[in-house]
Amino acid sequence: MSEIQGGCRCGAVRYALALDALPRTYACHCRDCQTWSGSAFSQQTFLPEAALSVSGPSVVYEMTYPSGRISTQQMCGVCHTRIYNSNSARPGVVIVRAGTLDRSDELDVVAHIWVKRKQPWLTLPEGVPAWPEGAPPGELMRALMPR
Ligand SMILES: [Zn+2]
Ligand SMILES: [Zn+2]
């Protein structure tokens with residue numbers, strides 16, 4: 001089993017990532033992420049769906065955007081920790097909530113999006129890519145690629 005593992009708050013859901021190293025992560029400061037996480041921002045990473053294996057009970061919440069895109073959110077079926085989501089606009093890609101990783105204390109945040117919604121007390125470090133809204137296509141993926 002991969003060294004890179006994570007899980008929900010209650011322990012019923014566990015997952016492993018087929019990666020050689022911890023993924024690089026980004027922070028999204030949008031209002032939806034603040035509401036959804038109950039926090040200042042969400043910290044997450046993109047992965048190929050095939051790199052993620054999950055065990056344990058899950059519940060799914062599907063949300064359809066006005067554009068017709070469908071966001072599928074996967075949560076622990078017991079404690080409802082949100083583990084990852086996928087989006088019909090990006091088949092084959094999952095977005096994992098990085099705070100659910102066992103080694104979340106070792107993660108780097110290499111980009112910030114939706115900083116126009118950032119909470120005012122939070123100061124971002126210099127030199128880290130940041131965009132007022134979503135990043136232009138491809139740029140966020142590029143920032144997340146291992147160097
Ligand atoms: Zn749980
Ligand atoms: Zn967001």
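## Largest pocket

Helix α1 contributes the most to the lining of the largest pocket, four residues. This is a predicted model, in which local features need pLDDT of at least 70, side-chain atom pairs count only at pLDDT 80 or more, and totals for chains, interfaces and linings use all residues. Residues are numbered from 1 along each chain as its sequence is written, ligands are numbered from 1 in the order in which they are written, and side-chain values use heavy atoms, without hydrogens and water.

The volume of the largest pocket is about 750 Å³. Among its 30 lining residues, Cys 28, Arg 69, Arg 90, Ile 113 and Trp 114 are the closest to the centre. A pocket is an open set of points on a 1 Å grid, where a 1.4 Å probe fits, with protein on both sides within 12 Å along at least five of seven lines; lining residues have an atom within 4 Å of a point. Helices are DSSP runs (H or I) of at least four residues, and strands (E) of at least two.

Cys 8 is in the loop between β1 (4-7) and β2 (14-17), and Cys 79 in the loop between β7 (70-76) and β8 (82-87), so the pair ties together parts 71 residues apart in sequence.

## Second largest pocket

The second largest pocket has a volume of about 310 Å³. Strand β4 gives the most to its lining, with four residues.

Notes:
Points joined across faces, edges and corners; volume = space filled by probe spheres on them.
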